[in-house]
Amino acid sequence: MMKKKALVACGCGVASSTIVAKKLEDYCGERDIKLEWRICKAAEIPSLADMMKPDVIISITAVADLGNQIPVFDGKPFLTGIGVAKRLEEIYQAILK
Amino acid sequence: MPVRNTFDKQLIFNDLKIRDKNEILQYMATKMYEKGYVKGTYAQAVIEREKVYPTGLQTEAFGVAIPHSDSIHVNQAVIAVCIVEEPIVFHVMGGAEEEEVLVKFIFMLAIDDPKKHIEMLSKLSIIFQDEQKMQEIVKLKQDAIYEKLNCYINH
């Protein structure tokens with residue numbers, strides 16, 4: 001099983017990020033990818049991205065360009081359910097690269 | 001593993017006469033405090049956080065909000081629920097300042113450790129994304145709402 005890493009952020013790194021992370025973990029698991037994830041506050045993204053070197057970043061709040069080539073996705077579809085299938089696939093494809 | 005005691009019968013509100021967002025948040029938080037779930041600092045923390053990081057979401061069925069705080073203000077995990085008669089304006093999560101959503105369902109979350117409650121949070125989002133379930137819940141009385149939510153979150 002391939003291992004990949006995701007950093008998932010929301011306002012206080014408690015609720016929304018957890019919801020997003022779990023759904024992404026399940027989606028990847030079904031496709032034989034073991035997703036390791038960490039939730040954080042939006043403000044912690046730059047330092048944690050440096051440390052953890054995730055394959056992908058998903059954030060509920062807007063994120064400034066980190067200039068480090070790590071793809072960043074808006075995680076809101078995971079919470080509203082609107083457009084979630086498309087977003088999951090986009091993230092999955094980005095993780096595979 | 002079933003998620004037990006996620007909701008509390010006395011923390012389901014569907015007959016409040018309050019129309020102001022902050023007053024509702026204050027009311028729900030105070031009830032949670034009276035039952036020992038959260039600390040005295042929780043209400044203010046939720047209201048302040050909502051200003052900086054709003055939690056309104058437009059789902060298929062209704063506008064939903066999931067106000068919550070940092071875990072340091074929480075004693076024990078619980079979800080309080082308020083269904084308002086007249087939808088209330090919330091700002092959209094992660095949206096621009098002017099983005100608003102009319103909220104019918106408020107799920108106020110007290111979370112002590114998100115890692116422990118992954119399933120619960122994940123299932124809550126599955127419920128509020130489900131148009132049919134939400135349309136059903138909105139018509140029920142207090143006790144029935146509690147039973148239904150417990151049933152949905154454990155399956």
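**Figure 1. What covers helix 2 of chain B in this predicted model**. Helix 2 of chain B spans residues 42–52. Its buried residues are covered by several elements of chain B, including helix 1 (21–34) and strand 2 (56–58). Strand 4 (78–91) and strand 5 (100–110) of chain B are also part of that cover. Which residues of the helix are buried? They are Tyr42(B), Ala43(B), Ala45(B), Val46(B), Ile47(B), Arg49(B) and Glu50(B). An α-helix has 3.6 residues a turn, so residues three or four places apart point the same way.

**Figure 2. The annotated domain of chain B**. An unreviewed UniProt entry lists residues 5–152 of chain B as "domain: PTS EIIA type-2". Look for the two ends of this span. Their C-alpha atoms lie 13 Å apart.

**Figure 3. The contact between chain A and chain B**. Chain A gives 21 residues to the contact, and chain B gives 27 residues. The size of an interface is often given as the accessible area lost when the parts come together. Here the two chains bury about 2000 Å² between them. Carbon and sulfur atoms account for 66% of that area.

**Figure 4. Polar contacts and salt bridges across the interface**. Six residue pairs are in polar contact between chain A and chain B, counting pairs with both residues at pLDDT 80 or more. The interface also has two salt bridges. One of them joins Lys22(A) to Glu119(B). The closest N and O atoms of this pair are 3.5 Å apart.

Helix 1 of chain A has the largest share, with five residues. By class, this side of chain A has ten nonpolar, seven polar and four charged residues.

**Figure 5. Lys23(A) and its surroundings**. Lys23(A) sits in helix 1 of chain A. Is Lys23(A) buried or exposed? Lys23(A) counts as buried because its relative accessible area is 15%, and the cut-off is under 20%. Beyond its neighbours within four places in sequence, Lys23(A) contacts residues of both chains. In chain A these are Phe78(A) and Leu88(A). In chain B they are Ser125(B), Ile126(B) and Gln129(B).

Now focus on Phe78(A). Lys23(A) and Phe78(A) are 55 residues apart along the chain, yet their C-alpha atoms are separated by 7.6 Å. The side chain of Lys23(A) reaches the backbone oxygen of Phe78(A) at 2.9 Å.

How values were computed
Residues numbered from 1 in each chain as written. Chains lettered and ligands numbered in written order. Predicted model: local features only at pLDDT ≥ 70, side-chain atom pairs only at ≥ 80, totals over all residues. Heavy atoms only, no water. UniProt positions renumbered as here; feature names shortened; annotations may be inferred. Helix = DSSP H or I, 4+ residues; strand = E, 2+ residues; numbered from the N terminus. Contact = heavy atoms within 4.5 Å. Buried area = accessible area lost by both parts, 1.4 Å probe. Salt bridge = Lys/Arg side-chain N within 4 Å of Asp/Glu carboxyl O. Polar contact = N/O pair within 3.5 Å; in protein donor to acceptor, adjacent residues only side chain to side chain. Nonpolar A, V, L, I, M, F, W, Y, C, P; charged D, E, K, R; others polar. Buried < 20%, exposed > 50% of the residue type's maximum accessible area, 1.4 Å probe, protein only.
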